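Please look over the sequence and the model below before reading on.

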Amino acid sequence: RLFCGTLLYVTLRYLLLKQSGDCFAGRGFLYVILAVRFFCFCMSHQITLSIFSEQEEGLYYGVRKWRDRVFAPLCVLLTRFSIKPNLVTCLGLLMVVPFIYFFQTVPLLSILALILNVFFDALDGCLARHQKVESQSGALFDLAADHGVFLVVLLTFIFFKETSAFW
């Protein structure tokens, strides 16, 4: 579960490079191995992956507290039904299916699917804190899922020729 999003990203990158005839396509398996080793290293050494400065971190935790209060009633309800945070992350991942399906035919539903993805992404962390099951593996799974969704959205735009692969 932990490496699902990262492996998806690396595999798709490898396939795109291979399809385009890029000279670096032969290194695809090296990318996979390096990604897995990096996450194993982070998990074994308890490295905290922080992207914020100290000032930004204070603001981030303030917004997170507010979001936890807003989602608290929903977290209580989901806990009552034994819904786990990783399931909520997976539901967010599943939102890429309607996004792709409705992308050209009903763009409004496609946008709604992305909004639901953002909602589930915000909810899973709040639910983990509410259930007191926060973990680095869950955070990395959420991060990998976010990157996987981003990649699928980008590839969808490229596939339907809504943007160039090279911007």
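This is a predicted model: local features need pLDDT of at least 70, side-chain atom pairs count only at pLDDT 80 or more; totals for chains, interfaces and linings use all residues.

Residues are numbered from 1 along each chain as its sequence is written, and side-chain values use heavy atoms, with hydrogens and water left out.

The protein chain holds seven helices and zero strands, where helices (H or I, at least four residues) and strands (E, at least two) are DSSP runs numbered from the N terminus. Of its 167 residues, 28% are buried, a word that stands for under 20% relative accessible area, with exposed meaning over 50% and partly exposed in between (1.4 Å probe, protein chains only). Among contacts (heavy atoms within 4.5 Å) with a separation of 6 or more, 75% join residues 24 or more positions apart.

Rolling a probe the size of a water molecule over the atoms shows where empty space is left. A cavity is here a set of points, on a 1 Å grid over the protein atoms alone, where a 1.4 Å probe fits but cannot get out, and its lining residues have an atom within 4 Å of a point. Grid points are joined across faces, edges and corners, and a volume is the space filled by probe spheres set on the points. One cavity of 30 Å³ or more is found, and the largest cavity has a volume of about 70 Å³. Helix H4 (85-94), helix H6 (107-131) and helix H7 (136-159) each give at least two residues to its lining, which includes Thr89, Asn117, Asp121 and Asp142. By class, the lining has four nonpolar, three polar and four charged residues, counting Ala, Val, Leu, Ile, Met, Phe, Trp, Tyr, Cys and Pro as nonpolar, Asp, Glu, Lys and Arg as charged, and the others, Gly among them, as polar.

Helix H7 has 24 residues, which at 1.5 Å a residue should span 34 Å, and its end C-alpha atoms are 34 Å apart, in agreement; the expected span is 1.5 Å times one less than the number of residues. Buried residues of H7 include Asp142, Ala145 and Val149, and these three also line the largest cavity. After H7 comes lysine 161, whose phi is positive, near 55°.

Valine 133 lies in the loop between H6 and H7 and, at 42% relative accessibility, counts as partly exposed. Leaving aside residues up to four places away in sequence, valine 133 touches Pro85 and Ala128. The C-alpha atoms of valine 133 and proline 85 are separated by 8.5 Å, although the two residues are 48 residues apart along the chain.

Methods
On a 1 Å grid over the protein atoms alone, a cavity is a set of points where a 1.4 Å probe fits but cannot get out, and a pocket is an open set with protein on both sides within 12 Å along at least five of seven lines; lining residues have an atom within 4 Å of a point.
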